[in-house]
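Me: Could you walk me through some features of a protein model? I would like the general idea each time, then the case at hand.

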Amino acid sequence: MDCINLPTYSIHFGALPKLSWNGKVLIITNPKISGLHLKRLLENLDACEIYCICLQDGEKYKNLSSIETILEAAFNHRLNRNSLMIALGGGVIGDMVGFAAGIFMRGIPYIQIPTTLLSQVDSSVGGKTGINNSFGKNLIGLFNPPKAVYIDTHFLQTLPNRELNAGIAEIIKMAICFDKDFFKFLQNADLQNINILQEVIYKAVSIKAKVVLEDEKEKGIRAALNYGHTFGHIIEKLGNFNQFLHGEAVSIGMMMANTLALKLNLISKEEFIEIKNLLCKFNLPITYKIKDIKTFYSYFFLDKKSLDNTIKFILPNKIGNFIIKDDVAEDLLLEILESFQCD
């Protein structure tokens, strides 16, 4: 099994190994994943006591109520600081379990077993945890690295194509910001080929791990991983977290960011089209109609990267590089939003 080692935990690639824990274990998953993959996990897990709870699936359930459900289960089963939580699921489950583990008895260990492509290449790595609220996405949370991450492409065999493509959006994001050669590779890659997909997953995780190692708390370079997200999170919020998958919203967000980057001469028209075509290759959405520019604009100021009245944008600076812009003129930004407005 291949492995990437970070200072406090390791990311393991390959078939899920035998896992053992000298204490109680609480598995948190959702009904769909439970039916598909819980048995496989249980067959590979050895612990003195094992419990499992299922949470409702979807971003709209990534809230304090779900966190309370996890904590109630932890208290009911008398977990303690020697206990372990296991996140078996996609990014929603992983983010919530990491948050709950971080606040239960001031912190107990947890591991990530991501079952979607998006969670394997992005959300399971880096220790960002959190939940949504009425103001926006992931605005409540903490940095809490897992004890380990296990990335097994076996779980992707049951993943619908739409969710697979949503994960590819995050892979494209990393290539645009950090690796032009990787971007070129993706232009011709057949990700239906499991061997090529495994290679791409490893490459994407390697990029993210390197960035996290350099900037764990997102004070500098890690902010680049939010390319497409400043716009995308607003799109998710305005769609009540059920209109678009996260990766789909990020795809649209990248196109909005690219439109701004093009206006600022950070990318060429040819690069703009190259990125657009790569997103289209994987059937990702690239258009969006803003119904109310004033409302959309106001949500920028709830973004975690924003400070006071300054909005930070992560923009491509040619393919393979990025720039953080916090001086975008309001009239230019409104012009970009108007280009995505309904007729």
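Predicted model: local features only at pLDDT ≥ 70, side-chain atom pairs only at ≥ 80, totals over all residues.

Me: Thanks! In what order do the strands of the open sheet lie?

Reply: The general idea is that strands of a sheet pair through backbone hydrogen bonds, either parallel or antiparallel. Helices (H or I, at least four residues) and strands (E, at least two) are DSSP runs numbered from the N terminus, and two strands pair if DSSP finds at least two bridges between them. Here, the open sheet has 7 strands in the order 1-2-9-6-5-3-4, and the pairing is mixed. Strand 1 (2-5) and strand 4 (45-54) are the edge strands, each pairing on one side only. From one strand to the next, the twist averages 20 degrees.

Me: How many bridges join strand 3 to strand 4?

Reply: Strand 3 (residues 19-29) and strand 4 run parallel and are joined by 9 bridges.

Me: Which strands does helix 2 touch?

Reply: First, the terms: contact means heavy atoms within 4.5 Å. Axes are lines fitted to C-alpha atoms, for helices over the stretch in contact, and angles run from 0 to 180 degrees between N-to-C directions. Helix 2 (residues 64-76) packs on the sheet and touches strand 3, strand 4 and strand 5 (84-89), with its direction at about 145 degrees to that of strand 3. Helix 3 (residues 91-103) also packs on the sheet, touching strand 3, strand 5 and strand 6 (110-114), and its direction makes about 170 degrees with that of strand 5.

Me: Now a single helix. Which residues of helix 6 are buried?

Reply: An α-helix has 3.6 residues a turn, so residues three or four places apart point the same way. In helix 6 (residues 180-188), the buried residues are Phe182, Phe183 and Leu186. Seen down the axis, the buried residues of helix 6 fall within an arc of 105 degrees (taken from the directions from the helix axis to the C-beta atoms), so they line one face of the helix. Asp181 and Asn188, on the other side, are exposed. The cover over the buried residues of helix 6 includes helix 5 (161-178), helix 7 (194-214) and helix 10 (269-281).

Me: And how many salt bridges are there?

Reply: A salt bridge is a side-chain nitrogen of Lys or Arg within 4 Å of a carboxyl oxygen of Asp or Glu. By this rule the count is 13. One of them pairs Asp152 with Arg40, the closest N and O atoms being 2.8 Å apart. That pair links distant parts of the chain, 112 residues apart: Asp152 is in the loop between strand 9 (148-151) and helix 5, and Arg40 is in helix 1 (residues 31-43). Asp152 counts as buried, at 5% relative accessibility.

Me: Where do Glu170 and Lys173 lie?

Reply: Both are in helix 5, 3 residues apart, about one turn of the helix. Glu170 and Lys173 form a salt bridge with the closest N and O atoms 2.7 Å apart, and both residues are buried. Salt bridges that share partners join Asp122, Glu170, Lys173 and Lys208 into one network.

Me: Last one: what is phi of Phe241?

Reply: Most residues other than glycine have a negative phi, and most peptide bonds are trans. Phe241 has a positive phi, near 60 degrees. Phe241 sits in the loop between helix 8 and helix 9 (246-263) and counts as buried at 13% relative accessibility. Asn283 has a positive phi too, near 55 degrees. Asn283 is in the loop between helix 10 and helix 11 (293-299), and is exposed, with a relative accessible area of 65%.

Note on methods: Residues numbered from 1 in each chain as written. Heavy atoms only, no water. Buried < 20%, exposed > 50% of the residue type's maximum accessible area, 1.4 Å probe, protein only.
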